[in-house]
Amino acid sequence: MAEIAARMIFLGFGKYVRADKIYALEPLGPGERGHGARTRVWVEGIPEPIVASRTERSILGEMGMRDAGRVQILDDAVKLAEGVSVPLPAEV
């Protein structure tokens, strides 16, 4: 994996962390969201995750990992396509 530059990433709620210290992101579930909370961010040296008001995709994008979310999007599209049944045209 490419090395992440040691720049500051905005998490929302006035919080910033160094990009190279973020080691995990977890989207909050529907019941956990509220008042703008979207993602748990684990940062090296901080024992508890920080709650961010930004999605994991936007944080990853700012970290320079623009294609990180595309794999999930492709997986979701394939799953959707597999679940759709399309009637075949009748032979003439």
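Mentor: Contact here means heavy atoms within 4.5 Å. This is a predicted model, in which local features need pLDDT of at least 70, side-chain atom pairs count only at pLDDT 80 or more, and totals for chains, interfaces and linings use all residues. Residues are numbered from 1 along each chain as its sequence is written, and side-chain values use heavy atoms, with hydrogens and water left out.

Trainee: What does Arg40 touch, not counting residues up to four places away in sequence?

Mentor: Arg40 touches Ala24, Leu25, Glu26, Leu28, Glu32, Pro49 and Ile50.

Trainee: What makes the pair Arg40 and Glu32 a polar contact?

Mentor: A polar contact is a pair of N or O atoms within 3.5 Å; within protein, one must be able to donate a hydrogen and the other to accept it, and residues adjacent in sequence count only if both atoms are side-chain atoms. The side chains of Arg40 and Glu32 are joined at 2.4 Å, so the pair qualifies.

Trainee: Why is Arg54 called buried?

Mentor: Buried means under 20% relative accessible area, exposed over 50%, and partly exposed in between (1.4 Å probe, protein chains only). Arg54 has 18% relative accessibility, so Arg54 counts as buried. The side chain of Arg54 also makes a polar contact of 2.5 Å with the side chain of Glu62.

Trainee: Where is confidence lowest, and where is it highest?

Mentor: pLDDT is the predictor's confidence in each residue, from 0 to 100. Helix H2 (residues 70-83) is lowest at a mean of 67, and E5 is highest at 96. Helices (H or I, at least four residues) and strands (E, at least two) are DSSP runs, numbered from the N terminus. Where pLDDT is low, the predicted coordinates should not be read in detail.
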